[in-house]
Amino acid sequence: AAAAAAPKKGGGGSSKADAAAATAAAAAAAAASFVCEANDAVVFRLVRTAADLDDASDAAEQFEPEFTHQIFRDDETIFGYKDLEITVYMQAHLFKTLVEVKYSDKVKSALNPADDIMDALTKHFGDDLFTDRGKF
């Protein structure tokens, strides 16, 4: 018990280590808040007409993916966004694809930037991927 009560040598070096650890923990927690589950963020909608784009009541034509590791990260996450919503509209007869991405905040880091969602989707869907409803 006497050893535990002995004063620390080095002028509080452990408090610097504690501060560094706390800073690292805070940074990790902040980064974690920008991680989204891709399976929850992505919704597919099969559309036949332009009116179907705005018809949210047609639940039979809407589905969520079971797996997203083929498009995004192996752990099926997307980094860099808060409250991420990705709606993938697919034309039933032409298989052209419209993607709309919404989020409340995007990470602002040059060292660890947000995942490029459109790049990942373009690699998967190819040239028939649109982001403009008018062109879709």
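Select Asp119 first: the residue is partly exposed, with a relative accessible area of 35%. Cut-offs here are under 20% for buried and over 50% for exposed, with partly exposed in between (1.4 Å probe, protein chains only). This is a predicted model, where local features need pLDDT of at least 70 and side-chain atom pairs count only at pLDDT 80 or more, while totals for chains, interfaces and linings use all residues. Residues are numbered from 1 along each chain as its sequence is written, and side-chain values use heavy atoms, with hydrogens and water left out.

Asp119 forms a salt bridge with Lys123, with the closest N and O atoms 3.3 Å apart. A salt bridge requires a side-chain nitrogen of Lys or Arg within 4 Å of a carboxyl oxygen of Asp or Glu. Both residues lie in helix 4, four residues apart, about one turn of the helix. Lys123 is exposed, at 67% relative accessible area.

Next, select Asp115 and Arg73. Their side chains meet in a salt bridge at 2.8 Å, N to O. Asp115 lies in the loop between strand 8 (105–106) and helix 4 (117–125), and Arg73 in the loop between strand 3 and strand 4, so the pair ties together parts 42 residues apart in sequence. Arg73 is partly exposed at 34%.

Asp74 is exposed, with a relative accessible area of 71%. Its loop runs between strand 3 (62–63) and strand 4 (77–79).

Now pick Glu100 and Arg133. Here the side chains form a salt bridge of 2.5 Å, N to O. Glu100 is in strand 7 and Arg133 in the segment after strand 9 (129–130), 33 residues apart. Glu100 counts as buried at 18%; Arg133 is partly exposed at 31%. The whole structure has four salt bridges.

Stay on strand 7 (residues 97–102) and select Thr97. Thr97 is buried, at 1% relative accessibility. Beyond neighbours within four places in sequence, its contacts (heavy atoms within 4.5 Å) include Val88, Met90, Phe125 and Phe136. Phe44 is 53 residues away in sequence, yet 9.9 Å away C-alpha to C-alpha.

Step to Thr87, in strand 6 (residues 85–91). Thr87 is buried at 19%. Leaving out residues up to four places away in sequence, Thr87 touches Val43, Arg45, Leu98, Val99 and Glu100.

Zoom out and colour by secondary structure. The protein chain has four helices and nine strands. These are DSSP runs, numbered from the N terminus: helices (H or I) have at least four residues, strands (E) at least two. Buried residues make up 32% of the 136 residues.
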